[in-house]
Amino acid sequence: MAMAASSRLLWASRAAAYLRISTFPRAFSTGMCLSPSPPCRRGSYSTRFALLNSVPSFGFQDHLGDVVYVELPEVGISVSQGKNFGAVESVKATSDINSPVSGEVIEVNEKLSEEPGLVNASPYDKGWIIKVKLSDSGELSSLMDEEKYSKFCEEEDNH
Amino acid sequence: MSVTGSAGARGAARPLMRLVTMSGAPILRQLHLEERLLRRTADNWCVINDGTAPPTIVMGVSGRVSELVEIEPVLRDRVPVVRRYSGGGTVIVDQGTVFVTIICDKSAVAGLQPFPRDIMSWSGQLYGKVFDRFGEFHLRENDYAFSHRKFGGNAQSITKNRWVHHTSFLWDYDVENMDYLKIPKRAPEYRLARNHTEFLCRMKEYMPSRSVFTDGVITALGEQFSVQPTDLETVLSNDEEFVPSTKLLSQQDLEEIVSSKGSSSLGVQEVEA
């Protein structure tokens, strides 16, 4: 978008408050998807920023259990689509968290260090994980929305 | 996924699993190897390390030293403290510990979903074949037990396409080493407030030899995989870019914790001796 950097930042900051990238149960091992908070909708967003959250839907609690620890990345590092940037611990396992988008981490949710359960309890709100300045907004078009991902999970569970 | 090994029963192809056996390897070295095999290879692996030296305290990824470890005797006796890459609790390992690590592609075991409880359950079935004839074997919560006495503790690490399930088995243990560990704040329900000697048991009291155990593991794996012994030297590559996350805490790290009278920046989680 042909916007001045400052106005882009301002607009994106507002958009980020309404935009969520949600992870789903298998997100911790296979990837994540994009959904605005709520309702979920697939779209071509021009925002340059996105919040990465986790959600407890689709049997998250059944599959991974209660999250007891979140390993957060450092602010300023780069994340790449499909690559891990952190981890959660549940039960006896650490599970990678993979980013659905590429960009720069501009903020992490420090509250998760003391309250990792927010990932389970408040996925769309207080349980956000990182805020990313997107390097390629075109990646957003490749993500599934909540409806498609729920179907994907159902198919996986039926195997 | 790794190359198909060989045909099993009914002509079903068994995936290849490479077997690495060690004896007395330092646990830090073993954990670094595991991380490399997990993240830098595409093969299925079984790593067996029969005993380790020196005696070492190993915490899970979120372990908080001040709450898990008696720091002053640890500093006094210079007991190494390691924070591993997987989840789970705290153990002290030595020559009496036998380690078995299974590293798999997520598609290696048909029908097995790469989630903690699913993998744990699968492992319970696998080890049931190893232990059933020696005692009343159970997977109790996340532990392996004869009756109600634990002899194996588990932890896991799951990536996008692969997973690790590793176990420290108590062939034998030195009860005095338990004094380096604090009493866990959280314990499995079946522990029922028992002390170490009442809660744990030694495998050597149930099985004739370590080799019977390790051979049994390899046989059990062989029902699902084509197990191929692999020379450790061929496993070690010149992959200097990879930096494992498992860390040995320095004496300075531990001394700073003592002097700060506080905790590390990591949250405290479930811990077990």
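Analyst: Happy to! Let's begin with a definition: buried means under 20% relative accessible area, exposed over 50%, and partly exposed in between. Keep in mind that this is a predicted model.

User: Why is Lys129(B) called partly exposed?

Analyst: Its relative accessibility is 48%.

User: What makes Lys129(B) and Glu223(B) a salt bridge?

Analyst: The N to O distance is 2.9 Å, and the rule asks for a side-chain nitrogen of Lys or Arg within 4 Å of a carboxyl oxygen of Asp or Glu. The pair links distant parts of the chain: Glu223(B) is in the loop between α6 and β12 of chain B, Lys129(B) is in helix α4 of chain B, and they are 94 residues apart.

User: What makes Arg210(B) and Asp50(B) a salt bridge?

Analyst: Here the N to O distance is 2.4 Å, to be set against the limit of 4 Å. Arg210(B) lies in helix α6 and Asp50(B) in strand β3, so this bridge ties together parts of chain B that are 160 residues apart in sequence. Arg210(B) has 23% relative accessibility and therefore counts as partly exposed.

User: Now for the rings. Why is the pair of Tyr144(B) and Phe169(B) called stacked?

Analyst: Two checks are needed: ring centres within 6.5 Å make a pair, and planes under 30 degrees apart count as stacked. The centres of Tyr144(B) and Phe169(B) are 5.8 Å apart and the planes are at 15°, so the pair is stacked. Tyr144(B) is in strand β9 and Phe169(B) in strand β11 of chain B, 25 residues apart.

User: How do you know that Tyr144(B) is buried?

Analyst: Its relative accessible area is 0%, and buried means under 20%. Phe169(B) has 0% as well, so Phe169(B) is also buried.

User: What makes Tyr127(B) and Phe131(B) a stacked pair?

Analyst: Their centres are 6.0 Å apart, with 25° between the planes, and the limits are 6.5 Å and 30 degrees. They are 4 residues apart in helix α4 of chain B, which means about one helical turn between them. Tyr127(B) is buried, at 0% relative accessibility. Ring pairs join Tyr127(B), Phe131(B), Tyr144(B) and Phe169(B) into a cluster that also includes Phe151(B) and Phe213(B).

User: What makes Arg202(B) a charge over the ring of Tyr173(B)?

Analyst: Arg202(B) lies over the ring's face, 4.0 Å from the ring centre. The rule wants CZ of Arg within 6 Å of the centre and within 35 degrees of the ring normal. Arg202(B) also belongs to a network of salt bridges with Asp172(B) and Lys204(B).

User: Which residues have the most contacts inside the largest nonpolar core?

Analyst: Among them are Ile102(B), Tyr127(B), Phe131(B) and Phe169(B), in a core of 35 residues. Helix α4(B) gives the largest share, 6 residues.

Key
Residues are numbered from 1 along each chain as its sequence is written. Chains are lettered from A and ligands numbered from 1 in the order in which they are written. This is a predicted model: local features need pLDDT of at least 70, side-chain atom pairs count only at pLDDT 80 or more; totals for chains, interfaces and linings use all residues. Side-chain values use heavy atoms; hydrogens and water are left out. Rings of Phe, Tyr and Trp (its six-membered ring) pair if their centres lie within 6.5 Å; planes under 30 degrees apart count as stacked, over 60 as edge-to-face and the rest as tilted. Helices (H or I, at least four residues) and strands (E, at least two) are DSSP runs, numbered from the N terminus. Buried means under 20% relative accessible area, exposed over 50%, partly exposed in between (1.4 Å probe, protein chains only). A nonpolar core is a set of buried Ala, Val, Leu, Ile, Met, Phe, Trp, Tyr and Cys residues joined through side-chain atoms within 4.5 Å.
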